[in-house]
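Subject: Structure handover

Hi,

Here is the structure you asked about. My notes follow below it.

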Amino acid sequence: MNTAQTPVGTTTLRLAQASDLRRHQRVPVALLGRYMLSDRREYPCQTVDMSPGGVRLTCAVVGELGERVVLYLEHIGRIEGVIARHPPGGLAVQLSATPRKRDKIASQLTWLANREILGLPEGRTHERVVPKQPAVIVRLESGREIKARVIDISMSGVALASLNVPPLGATVTIGSTPGKLVRYFEGGFGVQFMLPLSPDRFHDGMTL
């Protein structure tokens, strides 16, 4: 449609509709996750922004326009959609979701946005598991090994209890999973994985 010839009344209506849609505006949010293309191969990704109707990702393999994609994002869970465009450095997905699922995503995004604004620590009520076998060995780049106990695991990282704490920013390997020490807390430390875990690994019987 040639918008230059659109009547003023129609333009006003469109502006009102756009204003209404801003209630579900895209929220700048960096969530780690994985996505699967139609060839059933999985790749790591990170969100740039998201709304209940779509998400923009930073990723290496962009797929084809119109291709079906399955996403598994930290805090959001499993969602599906189709590749709508290829922005620089990644892809944008138009989500296929029921109204109920869209409402749930909207609530999750509101919570995430408020967490950022208020400077709250990482939420610990979403997508975390406590492994059945919590004992683990943490290996430093120097080759030194530290005994630790897993408190809980998310797709993006792990909280560990240990009497010995590596320096902040240290590159470590938890079992066989590489990561980086990103925070301290009383009695332990938190490690962010170099790549998010695959959903099929993410359960209470998992080992790192």
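Gly-89 sits in the loop between β6 (77–85) and β7 (90–96). Please keep in mind that this is a predicted model. Setting aside neighbours within four places in sequence, Gly-89 is in contact with Leu-57, Thr-58 and Cys-59. Leu-57 is 32 residues away from Gly-89 along the chain, yet their C-alpha atoms are separated by 8.1 Å.

Next, strand β13. β13 pairs with β10 in the antiparallel sense, over 5 bridges. One of the bridge partners there is Gly-190 of β13, which goes with Ala-159. β13 also pairs with β12 (residues 177–185), again antiparallel, over 6 bridges. In that pairing, Phe-185 stands opposite Gly-188 of β13. The β12–β13 hairpin has 2 residues between the strands, and Gly-187 takes a positive phi near 90° in this hairpin.

Now the aromatics. The count is 1 aromatic pair. Tyr-35 and Tyr-43 form it, and the pair is tilted: 5.5 Å centre to centre, with 35° between the planes. Both Tyr-35 and Tyr-43 are buried.

Last, the surface. Val-165, Leu-168 and Tyr-184 make a nonpolar patch of about 290 Å². Leu-168 lies in the loop between β10 (157–161) and β11 (171–174). Is Leu-168 buried or exposed? Leu-168 has a relative accessible area of 53%, so it counts as exposed, the cut-off being over 50%.

Best wishes

Key
Residues numbered from 1 in each chain as written. Predicted model: local features only at pLDDT ≥ 70, side-chain atom pairs only at ≥ 80, totals over all residues. Heavy atoms only, no water. Patch = residues over 30% accessible without salt bridge, like charges linked within 9 Å, V, L, I, M, F, W, Y side chains within 5 Å. Areas by Shrake-Rupley, 256 points an atom, 1.4 Å probe, with all protein chains shown as cover. Salt bridge = Lys/Arg side-chain N within 4 Å of Asp/Glu carboxyl O. Helix = DSSP H or I, 4+ residues; strand = E, 2+ residues; numbered from the N terminus. Buried < 20%, exposed > 50% of the residue type's maximum accessible area, 1.4 Å probe, protein only. Phe/Tyr/Trp six-rings, centres within 6.5 Å; stacked < 30°, edge-to-face > 60°. Contact = heavy atoms within 4.5 Å. Pairing = 2+ DSSP bridges.
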